[in-house]
Amino acid sequence: MTPPTARTWSPRGVTPIVRVRGRSQRRISIAALTCYKQGERSRLIHRPIIHQDHKSGGRRSFAWTDYRDLLADAHQQLGKPIVLVWDNLNVHRDRRLREFIDAQDWLTVHYLPPYAPQLNPVEGIWSLLRRRCQANTAFTDPTHLMRALRRGLRQVQYRPDLIDGCLAGTGLTMTTPRLQPQ
């Protein structure tokens with residue numbers, strides 16, 4: 001929410017002072033799942049969190065319990081087994097989260113290669129948000145930013161063609177041909 005620094009027309013040697021309202025120590029995190037199934041509309045399931053004050057020792061990002069709750073909510077919402085393709089975020093590989101995943105018969109997890117954001121369809125969702133609801137907006141406070149993010153995510157949820165486009169942007173397909181033994 002802090003504006004970029006730029007050159008000014010102030011006299012040489014005189015540093016201009018620009019006051020910026022709305023700067024806070026709060027941080028916003030969003031976790032999202034893009035859900036695809038052949039013959040059904042694509043879905044987006046997301047959970048935003050405002051971390052009130054991460055400078056005073058609070059957590060700066062999602063904990064493994066937040067991801068656990070997101071997966072449980074997604075399973076309840078979809079009502080079907082989930083095959084999850086995850087990036088290599090350290091929290092995704094947390095021991096306690098892996099124990100939770102191993103205990104669930106409805107959840108199968110595969111990990112992307114170590115650095116492959118171009119294979120993650122959710123990266124396309126973040127790009128859509130930056131170009132749509134965050135573009136050309138000066139947010140007055142964290143709640144204004146959160147309202148805009150929720151509205152933008154809701155708009156993406158109502159447009160399954162956008163979610164399909166995020167999968168197409170990765171080059172992945174719904175059906176991957178199996179390798180034939182030679």
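Student: What percentage of the 182 residues of the protein count as buried?

Tutor: Before anything else, please keep in mind that this is a predicted model. A residue is called buried here when its relative accessible area is under 20%. By that cut-off, the share of the 182 residues that count as buried is 31%.

Student: In what order do the helices and strands run from the N terminus on?

Tutor: The protein has 5 helices and 4 strands. Read from the N terminus on, these elements follow one another as β-β-α-β-α-β-α-α-α.

Student: Of the contacts between residues at least 6 apart in sequence, what percentage join residues at least 24 apart?

Tutor: The contacts to consider are those in the protein between residues at least 6 apart in sequence. The part of them that joins residues at least 24 apart comes to 62%.

Student: Why do the buried residues of α2 line one face of the helix?

Tutor: In general, an α-helix has 3.6 residues a turn, so residues three or four places apart point the same way. In α2 the buried residues are Leu 97, Phe 100 and Ile 101. Seen down the axis of α2, they line one face because they fall within an arc of 100°.

Student: Which exposed residues does α2 carry on the face turned away from its buried side?

Tutor: The buried residues of α2 pack against α1, β3 and β4. On the face turned away from that buried side, the exposed residues are Asp 102 and Ala 103.

Student: Which element gives the largest share of the lining of the largest pocket?

Tutor: The largest pocket holds about 1,600 Å³ of space. Of the 49 residues that line it, the closest to its centre are Leu 33, Thr 34, Val 83, Leu 84 and Val 85. Two or more lining residues come from each of β1, α1, β3, β4 and α3. With 9 residues, the largest share comes from β1.

Student: How many residues in the lining of the largest pocket are nonpolar?

Tutor: When the lining is sorted by class, 9 residues are polar and 10 are charged. The number of nonpolar residues in that lining is 30.

Student: Is Asn 120 buried or exposed?

Tutor: Asn 120 has its place in the loop between β4 and α3. Leaving aside neighbours within four places in sequence, Asn 120 is in contact with Asp 87, Leu 112 and Thr 170. Because its relative accessible area is 13%, which is under the 20% cut-off, Asn 120 is buried.

Student: What distance separates the C-alpha atoms of Pro 117 and Thr 170?

Tutor: Pro 117 lies in the loop between β4 and α3, and at 31% relative accessibility it counts as partly exposed. Pro 117 and Thr 170 are 53 residues apart along the chain, and the separation of their C-alpha atoms is 8.9 Å.

Methods
Residues are numbered from 1 along each chain as its sequence is written. This is a predicted model: local features need pLDDT of at least 70, side-chain atom pairs count only at pLDDT 80 or more; totals for chains, interfaces and linings use all residues. Side-chain values use heavy atoms; hydrogens and water are left out. On a 1 Å grid over the protein atoms alone, a cavity is a set of points where a 1.4 Å probe fits but cannot get out, and a pocket is an open set with protein on both sides within 12 Å along at least five of seven lines; lining residues have an atom within 4 Å of a point. Grid points are joined across faces, edges and corners, and a volume is the space filled by probe spheres set on the points. Ala, Val, Leu, Ile, Met, Phe, Trp, Tyr, Cys and Pro count as nonpolar, Asp, Glu, Lys and Arg as charged, and the others, Gly among them, as polar. Buried means under 20% relative accessible area, exposed over 50%, partly exposed in between (1.4 Å probe, protein chains only). Contact means heavy atoms within 4.5 Å. The arc is that of the directions from the helix axis to the C-beta atoms.
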